[in-house]
There are 2 protein chains.
Amino acid sequence: MDKVYQYIEENKDMYIKWLQELCRQPSVAAQNRGMKETADMVQKMISEHTHAKVELLETSGYPVVYGEINTGKEKTLSFYNHYDVQPEDPLDLWNSDPFGAEIRDGKIYARGVADNKGNLVARLAAVHAYLNVYGEMPINVKFIFEGEEEIGSVHLDEFKEKYPEKLKADGCIWEFGYKNPDGRLQVSLGVKGMQYVELRCKGANIDLHSANAAVIENPAWRLVWALQTLKNDKEEILIEGFYDRVLKPDEAELELLEEMIYEEEATLKRLDLDNFLLNLTGVPLKEKLIFQPTCTICGIESGYTGEGAKTVLPSEARVKLDFRLVPNQDPAEISKLLRNHLDKHGFEDIEIITFTGEHPAKTDIHDPLVQTVLQNVEKVYGRPPTINRMSPGTGPMYILCQELGIPAVSLGVGNDSSQNHAPNENIKVEDYIQGIKMMATIVHEFAHTGKD
Amino acid sequence: MDKVYQYIEENKDMYIKWLQELCRQPSVAAQNRGMKETADMVQKMISEHTHAKVELLETSGYPVVYGEINTGKEKTLSFYNHYDVQPEDPLDLWNSDPFGAEIRDGKIYARGVADNKGNLVARLAAVHAYLNVYGEMPINVKFIFEGEEEIGSVHLDEFKEKYPEKLKADGCIWEFGYKNPDGRLQVSLGVKGMQYVELRCKGANIDLHSANAAVIENPAWRLVWALQTLKNDKEEILIEGFYDRVLKPDEAELELLEEMIYEEEATLKRLDLDNFLLNLTGVPLKEKLIFQPTCTICGIESGYTGEGAKTVLPSEARVKLDFRLVPNQDPAEISKLLRNHLDKHGFEDIEIITFTGEHPAKTDIHDPLVQTVLQNVEKVYGRPPTINRMSPGTGPMYILCQELGIPAVSLGVGNDSSQNHAPNENIKVEDYIQGIKMMATIVHEFAHTGKD
């Protein structure tokens, strides 16, 4: 592999340019901005750089860019990534153009550079380097690059039904991954699920002078009262039945938590906070992060929110809620429980709009692909990885992998302050180059796994 | 007075043009839009149309446009109005330009036409007509037109201290007034007070990926929990001491409620509502509207509020609250009670920004100016007025009048669907012309009050 590493070093400026080019193309799925252009660009990149056979596989939403390198070899490894990004607002908190991909102090700043374009391009670059050194791949490779991850992978079910053979693989390298604050690589073996909803409460059919508030219902107050029945200040989610399916971590998983690095002091300092929720620390803090579901207000809006004092009685109030789920919670069931809860508490009038639902997923730690990855991290990074039993984040791992019996392992080029979904999203150039080397290493080693 | 009425009829197109001209000049105090231009325009209008001596009296805020007609007569009547308006958003709900002053189906539509430019110009027009018919005024007249009513009359204290002699009068015609749904004129004899505040709750110093919500505090949740300690769903305000100074209505006032017109069915239909707050109806409904204080969410905002699903953990949450106060509540004290309440409930970190404070005020119903107005309404409107003991709205009546022993009476050109502070604000052209006649009548009759 030394030749591949050397090739990557010699061509790193080119690989950085590939990434910048993709980051400069906006692809905000939630706002339908630049999606077609990005899909075309990604198709072209796969084709030019890896000579894979590429197709845009249509669904009712944005297409999946699908690439395949058929070597006739025994094993198949798939790479799952996404080419869409989160909206870039609030714009005023960015220190450079979110779609400028500016490099400052060894970091590339762009919306989507960590989530998920850095990983997507690193994997293409790894295959490119491998091909240029060895002339051919030691395994079959599949690229499954979707365009709706940030809006809940809403059409992957349809994709799966339409193109079942495209998903078949002996293992899948999942889309994301980060370094710990101490610089060690983190390998993740699962994801939380999610149910994302919006609640809408309506009052009068028009905003009124707030003097009317003495006798006319205020939907903002009703929404506040409804919300406070959902979760109390001990962080207990009060929806009846919400915790019924939650699996507690087993002993081996609790042991992993002991080893798991979560730099409390540094995190608090970076975020300018005095303490974590409920003053948690140590293993209980990590257990909550990894193994417990959440109910989060992602956004709330009603009435006048501009400068100064406007005396208005709002006609509508809206809140966006995200529930992160753990095995074996079921997203569709959560929506039903929420509806029942609101009805039971006198909020039959509050409308629920369901945006996305995703099941949680976990890969068996003893799986050969998992072991291949874990055993080879040190070659590239000089230190063994830490294991994250399940990511606090979410993705369609259940439908793409777990349901089909495909092991999924997640590792990538982010760091602990990459600020995914937030202003000044970034990755380190060095992590990006190491990520390319690591992917090439996995391809190489996975070919031989289970052979000696 | 018939000659005056006839003069007004003959010149009504001109008076409508004066009003349109003023409405077409934006004057949004909260956003500092067009304030200087409007003050200049109002100064010019007073001077040209009434020959009063006019000055722009400076304060630390927007100037008071002050006009004085000195006849050497015994009595002085002042007119209090304001030339500023509320912000016009949400723009998409207007059916015509908020600053277009378009006339459709006998109504003039414009931001500020009801609140308060229609009344301001009607009073100038009344003096203009009176002068043109009689050649001189039967009393001294003062115009006190401020520019900060919609942001809480924040510098009237300063104005009062700087120019105490400008406020002296035997009576004051207050700025607003409406017709009941049945077409009868409503005369108001007081205003609620107000304390307007913004609460700000901060979490991490930056918006985060919502996966972090398992362990990082969410300021939107904290704000929800804080708010629900302020008022429960029985509309009881839970701030300790909030009701201590509230005076209950006396028997005469309760009797006025019996006569007071509040068209429940029509209001519910117009607002597309099934019922009023707490299913109130009849006298208890009117008692709540007139004699009870409020705590209103005028606006709330946190996190992502755009289209689609953004999984963000917000770094800040803000809410705007307006407390309408009744005699003898004190706005400054309300802020202190609120601070104590939040501290006591564990919300020491929530910041309170105080925008405005105004005392409630009530005029003695037996006062001669009040009686003059009440007895002469029928001359213009053909029917006697109804009495609103105290308006659910707010204004600086306490500092401009009550504290100085000046009786204040409020009547004007609005109607029950004028939509003050809301989209499609409007008045009827007919009400505007009647309002001009009524003001001329008051000037005429007040000169003789107490003389026979």
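**Close-up views of the contact between chain A and chain B**

**View 1. The contact and its two sides.** In this predicted model, 80 residues from chain B and 80 residues from chain A take part in the contact, where contact means heavy atoms within 4.5 Å. The area buried between chain B and chain A is about 7000 Å², and carbon and sulfur atoms give 62% of that area; buried area is the accessible area (1.4 Å probe) that two parts lose on being put together, summed over both. Val215(B), Trp221(B) and Lys310(B) supply 11% of the area that chain B buries against chain A, more than any other three residues.

**View 2. Polar pairs across the contact.** Between chain B and chain A there are 34 residue pairs in polar contact, both residues being at pLDDT 80 or more. A polar contact is a pair of N or O atoms within 3.5 Å; within protein, one must be able to donate a hydrogen and the other to accept it, and residues adjacent in sequence count only if both atoms are side-chain atoms. The count of salt bridges between chain B and chain A is 0, a salt bridge being a side-chain nitrogen of Lys or Arg within 4 Å of a carboxyl oxygen of Asp or Glu.

**View 3. Strand E11 in both chains.** Strand E11 (residues 296-303) of chain B gives 8 residues, the largest share of the side of chain B that touches chain A; strands (E, at least two residues) are DSSP runs, numbered from the N terminus. Strand E11 (residues 296-303) of chain A and E11(B) run antiparallel and are joined by 5 bridges, and two strands pair if DSSP finds at least two bridges between them. Gly299(A) has Gly303(B) as its bridge partner in E11(B).

**View 4. The axis between the copies.** Chain B is superposed on chain A by a rotation of 180° with 0.0 Å of shift along its axis (RMSD 0.1 Å), with least squares applied to the C-alpha atoms of residues with pLDDT of at least 70 in both. That is the relation of a two-fold axis. The C-alpha of Glu301(B) is the one in chain B nearest the axis, 2.3 Å from it.

**View 5. A salt bridge within chain A.** The side chains of Arg318(A) and Glu301(A) meet in a salt bridge (2.7 Å, N to O). Arg318(A) lies in strand E13 (residues 316-325) of chain A and Glu301(A) in strand E11 of chain A, so the pair ties together parts that are 17 residues apart in sequence.

**Notes.** Residues are numbered from 1 along each chain as its sequence is written, and chains are lettered from A in the order in which they are written. Local features need pLDDT of at least 70, side-chain atom pairs count only at pLDDT 80 or more, totals for chains, interfaces and linings use all residues, and side-chain values use heavy atoms, with hydrogens and water left out.

Key: Helices (H or I, at least four residues) and strands (E, at least two) are DSSP runs, numbered from the N terminus.
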